[in-house]
Amino acid sequence: KRVVTEKNRKDFFALARGSGKTDDEIKKHLLSLGIEHSADIPYSLYEEVYRWAEGRELTIERQPGEGDE
């Protein structure tokens with residue numbers, strides 16, 4: 001099974017942290033994909049985890065009534 005390179009891993013972490021994700025959030029996301037260690041990210045999933053790291057999975061949390069002006 002082909003896994004991502006060390007440079008890919010560093011880019012992934014830099015991007016995820018740069019978009020405001022914590023190390024705990026990163027770990028939980030990887031675990032949700034069945035990945036225990038970043039060194040085990042399959043190359044076939046790299047695009048998906050990279051998009052997540054960029055914040056393209058936009059989740060907006062609002063309180064009721066917030067922004068309803």
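Predicted model: local features only at pLDDT ≥ 70, side-chain atom pairs only at ≥ 80, totals over all residues.
Local features were taken at pLDDT of at least 70 and side-chain atom pairs only at pLDDT 80 or more, whereas totals for chains, interfaces and linings use all residues. Residues are numbered from 1 along each chain as its sequence is written, and side-chain values rest on heavy atoms, without hydrogens and water.

The protein contains three helices and zero strands. Helices (H or I, at least four residues) and strands (E, at least two) are DSSP runs, numbered from the N terminus. The order along the sequence is α-α-α. Of the 69 residues, 25% are buried. Buried denotes under 20% relative accessible area, exposed over 50%, and partly exposed the range in between (1.4 Å probe, protein chains only). Contacts were defined by heavy atoms within 4.5 Å. Among contacts with a separation of 6 or more, 68% join residues 24 or more positions apart.

Helix α1 has 13 residues and should span 18 Å at 1.5 Å a residue; its end C-alpha atoms are 18 Å apart, in agreement. The expected span is 1.5 Å times one less than the number of residues. Asn8, Phe12, Phe13 and Ala16 are buried in α1. These buried residues line one face of the helix, because they fall within an arc of 130° when seen down its axis. The arc is taken over the directions from the helix axis to the C-beta atoms. An α-helix has 3.6 residues a turn, so residues three or four places apart point the same way. Lys7, Lys10, Ala14 and Gly18 are exposed on the other side of α1. The cover over the buried residues of α1 includes α2 and α3. Just after α1, Gly20 adopts a positive phi of about 95°.

Five salt bridges were counted. The criterion was a side-chain nitrogen of Lys or Arg within 4 Å of a carboxyl oxygen of Asp or Glu. One of them links Arg17 to Asp23, with the closest N and O atoms 2.8 Å apart. Both ends are partly exposed: Arg17 has 45% relative accessibility, and Asp23 has 48%.

Asp24 is partly exposed at 46% relative accessibility. Lys28 is exposed at 54%.

Helix α3 (residues 46–54) holds Arg51 and Glu47, again four residues apart, about one turn of the helix. Their side chains form a salt bridge at 3.6 Å, N to O. Arg51 is partly exposed, with 35% relative accessibility. Glu47 is exposed, with a relative accessible area of 55%.

Lys21 presents another case. This residue lies in the loop between α1 (6–18) and α2 (23–32). Lys21 is buried but has no salt bridge. The nearest side chain of opposite charge is that of Glu25, 6.5 Å away. For charge, Lys and Arg count as positive and Asp and Glu as negative, while His and the chain ends are not counted. The Lys21 side chain instead reaches the backbone oxygen of Trp52 at 3.2 Å. Beyond its neighbours within four places in sequence, Lys21 is in contact with Ala16, Ile26, Trp52, Ala53 and Gly55. Ala16 is also one of the buried residues of α1.

Conventions:
Polar contact = N/O pair within 3.5 Å; in protein donor to acceptor, adjacent residues only side chain to side chain.
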